[in-house]
Amino acid sequence: ARVLRAAPHPGGDLAAAATRATGGFEHRWQDGLYEVDWGHPHLRVGLLVLPATSFVVDLGAGGDGGALPLMAAPRLRARHLTRVGGWRLVVLRADVIGEMSQAKSPKQQKA
């Protein structure tokens, strides 16, 4: 975490100070034509949060949970960011994140 907070920011010292609480990560960082949903602009590490419709195979329809091909638009976005922008990306499904955030913790279930 210290490395992330200490990394320089492309926007300068003021931007680095503003993102210190998030470890230097920016929400919706613009890189050329596309944006990274949540990314560290100096280290070029980021997350893409995509809806289920962005995937060719629907996991709810018996997918194996392995690497899934993306539809054309999100695939071009990811390819551009990784090949041209040099980003290392993790792709997450928005519906899974929503389900996880709505799930009750074990302490809440006992109450």
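A cavity is a set of points on a 1 Å grid over the protein atoms alone where a 1.4 Å probe fits but cannot get out. This is a predicted model, in which local features need pLDDT of at least 70, side-chain atom pairs count only at pLDDT 80 or more, and totals for chains, interfaces and linings use all residues. Residues are numbered from 1 along each chain as its sequence is written, and side-chain values use heavy atoms, without hydrogens or water.

Q: In what order do helices and strands follow one another along the protein chain?
A: The protein chain holds five helices and four strands, taken as DSSP runs (H or I, at least four residues; E, at least two) numbered from the N terminus. Read along the sequence, the pattern is α-α-β-β-β-α-β-α-α.

Q: What volume does the largest cavity have?
A: The search of the whole structure finds one cavity of 30 Å³ or more. Volume here is the space filled by probe spheres set on grid points joined across faces, edges and corners. For the largest cavity it comes to about 40 Å³.

Q: Which residues lie nearest the centre of the largest cavity?
A: Its lining, meaning residues with an atom within 4 Å of a point, comprises 12 residues. By class, five are nonpolar, five polar and two charged. Nearest the centre are A7, H9, T19, G24 and H40.

Q: Is V3 buried or exposed?
A: V3 belongs to helix α1 (residues 2–6). Buried means under 20% relative accessible area, exposed over 50%, and partly exposed in between (1.4 Å probe, protein chains only). V3 has 65% relative accessibility and therefore counts as exposed.

Q: How far apart are the end C-alpha atoms of helix α3?
A: Helix α3 covers residues 72–84, which is 13 residues. The expected span is 1.5 Å times one less than the number of residues, so α3 should span 18 Å. In agreement with this, the end C-alpha atoms are apart by 17 Å.

Q: Why do the buried residues of α3 lie on the same side, and which strands do they pack against?
A: The buried residues of α3 are P74, R77, A78 and L81. They lie on the same side of α3 because they cover an arc of only 90 degrees around the axis, the arc being that of the directions from the helix axis to the C-beta atoms. The face turned away from this buried side carries the exposed residues R83 and V84. The buried residues pack (contact means heavy atoms within 4.5 Å) against β1 (26–31), β2 (34–40), β3 (45–50) and β4 (88–93).

Note on methods: 1 Å grid on protein atoms, 1.4 Å probe; cavity = no way out; pocket = protein on both sides within 12 Å on 5 of 7 lines; lining within 4 Å. Nonpolar A, V, L, I, M, F, W, Y, C, P; charged D, E, K, R; others polar.
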